[in-house]
Amino acid sequence: MKFGRKITNDLYNEWRPFYINYNLLKRELKTRTTAHTWNDVDEREFTAMLEKELDKIHDFQRAKTSELSSRIKDAERAVKRLVTSGYVNGHHESPSEPSDPEAQHRRHTDQDGGSDDDDTDDEDDDTDLSVDALDEQFILLEEEVATLVADVHDLALYTKLNITGFMKILKKHDKQTNRPLKPTFIQEYLEKRPFYKYNWDGLIVKLSKLYDLVRTRGHPVQGDSSAGGSQSAFVRQTTKYWVHPDNLVHLKLAILRHLPVLVFNPDKEFEQKDAAITSVYFDNDDLELYLGRLEKTEGAEAVRLRWYGDTGVKTIFVERKTHREDWTGEKSVKARFPIKEHLVNAFLRGEYTMDAEFQELVARGKKSAQEVETMTQLANEIQYSILTKKLVPVMRTFYNRTAFQLPGDARVRISLDTELTMIREDNWDGAVRSGDNWRRMDIGIDHPFEQLPAEDKELFKYGVLEVKLQTQYGQEPPQWVTDLVSSHLVEAVPKFSKFIHGCATLLPNRVDLVPFWLPQMDTDILKPDTGALTIERPLQSSSKGTSDRQGSSGINTPEHHHLAYTEPVSEGEEDEEMDLAPARDEHKRTGLSGDEVAAAIAFREKALKERASAPKSQAVPDADANGDGAVDMDGEADDEDEDEDEDDAHERTPFLRGKQTKQAAAGRALSIDPLAPSSAFDETLRDRLRVDAERQRHAEHAVADDELDEATEQGSPVADRVLERNWTAPPGKRIAVPIRIEPKVYFAAERTFFKWLHFAIYIATIATTLLNFVPPGDTVGLVSAGLFTLVALLAIAYSAVVFVYRALQLRRRRAEGLYYDKYGPTLLSVCLIGALVTNVGLRMREIAE
């Protein structure tokens, strides 16, 4: 789809005048380049037009974000006012009541069943009315919140469409004028008005708080965010997904409708640094921890130091993640303890232990003796591992995390990490990064870390979504979670690891084994919109007088179900059923075959429709007569400028079907001579059908080429998504395939070896019997004994070699190899049959002689 049509389809209609006027800029560019050679005056005027569009967009976005913040604050005040009013009237809900919105809707009022007092009845009626009024106010607030969610979604889409429009029009300019305006415009104009760099997390956190307030009728769920995490009667499942940057805001808004953003200090105003998480991972020269985590060996560890916020925090968390195989009956665990920042280096060198500090926690009553004992053991084990394995800082990860969870309820926990960046911390190549310190000090949390060289950082281009479910045995996860993870917004990547990805990309000269997802990084994960998880606006009267439920960006959305994804159709196919109304007796009136009759029917119906639509199409060229370009956002009036000329238009040309004049339509109609024989009509019809088919083929080729060019320009594939299984590793690398090797696998290899030995012993017994019981002069018996002995020795040698090879492959965790032996049994059978046939043949010849 061309961008002119895309922006028309995706824009929010009420904000139409504030979008980039892409078609006007494109038409201006084409008019000037075709009329004369592009000169300095054209360059200045076109740049001024771009700057004017940029100012318009930047000012609108700034005003709109300020307006949204004000509306959110007003809604919060309205909720608090309603809650206070509810307390005054005496019909409030206590915070200890269920957090289910449906449960909180159920208002129970005491009934005085035995009283006939009229005054009491009147008071009850007033209370009921007051409750209804409160509910009505909250319903209005729910509609306002839904509108705010849609506005935030549309504003994020507004930003994306406009920056894409600028990039495309700058690319067209550079291509058509041979003047490189794009780098200059980005540096001198876009960087000074960086509307496309706006961070939506602040608005989303405020919106989530408001959404939770309205959903719970002013009584949000209170509790510890980690509550329920230690219960053992639950099944815990963690899955990871990649999220395309275009879907990040949409995904956050879709989640906050079910889970609030988890804020550890709700009384504090949200700052961007509150979402920052930084971790420094440790490993040795052999990358022992990297290989262990990549191959999922039993007991594989990952040691990291993590802090939250900027680099000025005083508390650092020392963490260890330990992988456990399923056959052990244990679960992979993550444990950590806090340490003061100025003590980290001494702890890593073994000069300081945590025993005294932990005992002080017991003395102050902050920790129990058992908890301190566990923390002390953990600290000693990590310190011992760092010293014995010679672990040093290797790699740092930075990202901004948005966590979604009901406080006190760990059944569903969702986190979304954005702006993920991996940074080198090692000194192995001679460059001093962290030096003797535990982390490098030349960077903070200033993403994208422009002060670092490209080889020292890896900017991950996707967001990372992690879904943690904790359900009872046999219980299904919530339906909205299932819809979320199966939607077009996410791409499943099992076992994705930031540490593994960072080492594989930043240390290519030291890493030979790479994760399975690394060769797939160049594949675009953006999927067609299936209509699921649509951001909908509440029912309201639109400017066009309709009352249908509208989805975000002004697209009408069904009220009861989502739009299903359908394959795109070619031009003219969308109304194919209405176009076909064949004459029932066509085959009786012509001497054509069945296929030719069908073609004639289609041709005649098309000609009739063209005649009917001709009077309407005459007014179309005058639609842009006022022509200042202000209404160019429709994208159709100027689309003929893209690649086609209006003179060559016909009914198969995209978006030009309704623009043919009455004379053109009449010229294409089939003229019939009533006095001519039917054979002449058949020949005329065949010729016209042949010409029409040829023209149609040319049009389809032109459309296909145009769509291919546009798709290449947008960087998206034209064809459907194809599941590719034949990935190849980069040169000199191997892809690590997740393999689970349990102890029984080793025992199975030994049992197979013993079976071969058992069979070889039988054959050797036969050979020994023949050798000991035949007369010394019996040549046939001696030859047979020798053959059976040779077969037995070959079986023993072959099985021993295969067993040793399989054992080595299992220790190396290699999936390929002789685990399936398709030659050994066949060769053994052939040798055994050959020995038997030789024995029988020699005996028969001896008897015959």
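This is a predicted model: local features need pLDDT of at least 70, side-chain atom pairs count only at pLDDT 80 or more; totals for chains, interfaces and linings use all residues.
# Salt bridges, a hairpin and a helix

The side chains of Arg440 and Asp456 meet in a salt bridge, with 3.7 Å from N to O. Both residues lie in the loop between β7 and β8, the latter being residues 457-459, so the pair ties together parts that are 16 residues apart in sequence.

Next, a second pair. Arg843 forms a salt bridge with Asp778, and their closest N and O atoms are 2.6 Å apart. Arg843 lies in helix α22, residues 824-848, while Asp778 lies in the loop between α20 (743-773) and α21 (779-811), so this bridge ties together parts that are 65 residues apart in sequence. Arg843 counts as partly exposed, at 29% relative accessibility. Asp778 is buried, with a relative accessible area of 13%.

Back to Arg440 for a moment. Which residues join it in a network? Salt bridges that share partners link Arg424, Asp426, Asp429, Arg433, Arg440, Asp442 and Asp456 into one network.

In total, the structure holds 38 salt bridges. Asp417 is in strand β7 (residues 409-424) and Lys498 in helix α14 (residues 498-506), so the pair ties together parts that are 81 residues apart in sequence. Asp417 counts as buried at 1% relative accessibility, and Lys498 is buried with a relative accessible area of 10%.

There is another buried lysine to mention. Lys252 sits in helix α8, residues 248-256, and counts as buried at 5% relative accessibility. What is Lys252 in contact with, leaving aside neighbours within four places in sequence? Its contacts are Asp201, Ile204, Thr402, Phe404, Leu416 and Thr418.

Now the strands. β3 and β4 run antiparallel and are joined by six bridges. Arg304 stands opposite Glu319 in β4. The two strands, β3 and β4, form a hairpin with six residues between them, and Gly309 in the turn has a positive phi of about 95 degrees. On to β5: eight bridges join β4 to β5, and these strands also run antiparallel. Here Phe317 stands opposite Pro338 in β5.

How does the span of α12 agree with its number of residues? The helix has 20 residues, 369-388, and at 1.5 Å a residue it should span 28 Å; the end C-alpha atoms are 28 Å apart, which agrees.

The buried residues of α12 are Val372, Met375, Thr376, Leu378, Ala379, Ile382, Gln383, Ser385 and Ile386. For the spacing in that list, recall that an α-helix has 3.6 residues a turn, so residues three or four places apart point the same way. What covers the buried residues of α12? The cover includes β3 (301-308), β4 (315-322) and β5 (333-340), along with α10 (344-348) and α11 (355-363). Just after α12, Lys390 takes a positive phi of about 55 degrees.

Conventions:
Residues are numbered from 1 along each chain as its sequence is written. Side-chain values use heavy atoms; hydrogens and water are left out. Helices (H or I, at least four residues) and strands (E, at least two) are DSSP runs, numbered from the N terminus. The expected span of a helix is 1.5 Å times one less than its number of residues. Buried means under 20% relative accessible area, exposed over 50%, partly exposed in between (1.4 Å probe, protein chains only). Contact means heavy atoms within 4.5 Å. Two strands pair if DSSP finds at least two bridges between them. A salt bridge is a side-chain nitrogen of Lys or Arg within 4 Å of a carboxyl oxygen of Asp or Glu.
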